[in-house]
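Me: I am new to this structure and would like to learn how to read it. Please take one feature at a time.

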Amino acid sequence: MTNPLPVTDPLAAPMHAPMHAPLPLPEPVPEVLPYHRMARASVRHRWWRPVLGTGFVAVACVVLAGLLYGIADALGAAKGYPEAPDGTVEFGPVPGTALDLLAIASAIPVVLLAVRWIGRRPAGTVSSVTGGLRWRWLGLCVLAALPVLATTTGAMFLLPMDDAQPSRWAGWEVFGPALAMLVVLVPLQAAAEEYVFRGWLTQAVGGFLRSPWWALVPQAALFAAAHGWGTPWGFADLAVFALVAGWLTVRTGGLEAAIGLHAVNNLLAFGVSAAVVDGLKSDDTAADAPWQLVAVDLAGIALYTAAVLWLARRRTPARTVPAPVPVPPPSPFSAAYPRFPHFPAAHSPLAHVPVPVPPSGLGHTDAPDLPLGAVPSAPPPGVADRTPR
């Protein structure tokens with residue numbers, strides 16, 4: 001008598017089949033922040049922080065500048081400097097200009113403190129999206145601005161001006177110290193204005209609005225108004241300058257292009273004034289420029305913008321940064337119940353226990369009407385009605 005075929009256990013296949021865990025859901029893609037939206041580069045950002053910070057920057061800049069002027073007047077009066085018609089101490093063209101530039105440059109630490117303390121984000125995020133000033137990119141922007149603005153500055157001397165006053169060379173004994181002072185302080189003064197207008201104000205407004213233009217227009221109007229009300233052409237020139245500098249800031253992801261343009265422009269303007277007798281005593285600003293000078297200046301701004309865009313295509317500076325993802329708070333049950341019993345993984349295969357097959361001659365569980373080894377589709381009558389003991 002031949003041995004019966006092994007009975008196939010109907011539970012064996014499901015027990016052998018691995019149970020796979022459900023696929024994890026994809027994590028949400030974080031928001032990408034351009035430069036004007038960097039006020040949101042903090043998990044502690046709140047709508048009131050840019051508002052409070054703007055008030056702090058305005059008040060602190062005035063207080064710090066007034067403190068510097070007060071200390072300088074006290075020291076000047078103690079050393080016997082003459083008194084100016086407005087009641088302040090008359091230091092002379094070069095020291096007086098240096099004091100003015102230092103008072104404006106004092107806005108840089110004010111803005112950095114506002115970003116760090118009130119904005120609750122790294123102070124370098126106002127410099128660029130990378131969290132700091134990109135010095136190599138700044139150097140390239142300065143090199144691009146030097147030949148362009150030097151050419152337009154030279155062209156301004158060739159323009160016919162009806163009310164032009166004759167000027168005399170001041171001499172190297174005057175121009176040399178003045179130029180040394182300007183090279184040190186003018187970049188700080190220009191950078192401070194960029195940190196206030198293209199930096200803090202642009203990011204403060206950009207914290208509420210996604211479009212960069214809504215953030216660039218207010219700072220341009222305030223920048224032009226801060227230079228005084230001169231001719232309509234001068235005001236328009238300052239507004240266009242601020243708009244272009246702001247657009248380059250957003251386009252390149254940092255203040256470097258705006259600082260390069262502003263610093264070189266102001267250094268050439270102050271240098272020309274220092275080269276003539278009593279040039280630094282003049283109270284004229286860019287707001288007083290006639291339309292002829294404005295036309296040449298706008299041409300220089302356009303050429304510089306084209307040069308920076310060409311460099312940006314070759315160097316590709318970082319323009320955006322991912323927004324920070326807030327960390328969820330820990331579960332309240334994790335501290336109360338730190339340990340849990342170990343359970344096998346859901347995909348671990350269960351152990352298969354073979355079902356013994358009765359030997360030949362001892363009977364089998366097949367239905368009597370089915371061939372040997374077949375699995376019955378239903379249990380024999382009466383088995384399903386039994387109660388487990």
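Me: Which residues make the nonpolar surface patch?

Reply: A patch is built from residues with over 30% relative accessible area and no salt bridge, where nonpolar side chains (Val, Leu, Ile, Met, Phe, Trp, Tyr) are joined within 5 Å and like charges within 9 Å. A salt bridge is a side-chain nitrogen of Lys or Arg within 4 Å of a carboxyl oxygen of Asp or Glu. Here Trp-47, Trp-48, Val-51, Leu-52, Phe-208, Leu-209 and Trp-214 form a nonpolar patch of about 790 Å². Areas of this kind are computed by the Shrake-Rupley method with a 1.4 Å probe, and for residues only the protein chains shown count as cover.

This is a predicted model, in which local features need pLDDT of at least 70 and side-chain atom pairs count only at pLDDT 80 or more, while totals for chains, interfaces and linings use all residues. Residues are numbered from 1 along each chain as its sequence is written, and side-chain values use heavy atoms, with hydrogens and water left out.

Me: Which helix gives the largest share of the nonpolar patch?

Reply: Helices are DSSP runs of H or I with at least four residues, strands are runs of E with at least two, and both are numbered from the N terminus. Helix 2, residues 48–78, supplies the largest share, three residues. Val-51 lies in helix 2.

Me: Is Val-51 buried, exposed or partly exposed?

Reply: Buried means under 20% relative accessible area, exposed means over 50%, and partly exposed is in between, with a 1.4 Å probe and protein chains only. Val-51 has a relative accessible area of 47%, so the residue is partly exposed.

Me: What does the whole chain look like on these terms?

Reply: The protein chain has eleven helices and two strands. Along the sequence their pattern is α-β-α-α-α-α-α-α-α-α-α-β-α. Of its 389 residues, 34% count as buried. The chain exposes about 23,800 Å², and carbon and sulfur atoms supply 69% of that area.

Me: Which residues have the most contacts inside the largest nonpolar core?

Reply: In soluble globular proteins, nonpolar side chains tend to be buried together. A nonpolar core is a set of buried Ala, Val, Leu, Ile, Met, Phe, Trp, Tyr and Cys residues joined through side-chain atoms within 4.5 Å. The largest one has 52 residues, and those with the most contacts inside it are Val-57, Val-111, Tyr-195, Trp-200, Leu-248 and Tyr-304. Helix 6 gives the most to this core, with eight residues. Contact means heavy atoms within 4.5 Å. Leaving aside neighbours within four places in sequence, Val-57 contacts Val-110, Val-111, Ala-114 and Trp-200. Apart from this core lies another, of eleven residues, among them Ala-98, Met-181, Val-186 and Leu-280.

Me: How many salt bridges does a search of the whole structure find?

Reply: Side chains of opposite charge can pair when their charged atoms come close. The search finds five salt bridges. In one of them, Arg-37 meets Glu-31 at 3.6 Å, N to O. Glu-31 also meets Arg-210, at 3.1 Å, N to O. This second pair links distant parts of the chain, 179 residues apart: Glu-31 is in the loop between helix 1 (12–16) and strand 1 (32–34), and Arg-210 is in the loop between helix 6 (172–206) and helix 7 (212–226).

Me: Why does Arg-37 count as buried?

Reply: Arg-37 counts as buried because its relative accessibility is 4%. Glu-31, at 31%, is partly exposed, and Arg-210, at 60%, is exposed.

Me: How can the length of helix 10 be checked?

Reply: The expected span of a helix is 1.5 Å times one less than its number of residues. Helix 10 has 25 residues (291–315), so it should span 36 Å, and its end C-alpha atoms are 36 Å apart, which agrees.

Me: Which helices do the buried residues of helix 10 pack against?

Reply: They pack against helix 5 (135–157), helix 8 (232–252) and helix 9 (256–275). The buried residues of helix 10 include Val-294, Ile-301, Tyr-304 and Leu-309. Just after helix 10, Thr-316 takes a positive phi of about 50°.
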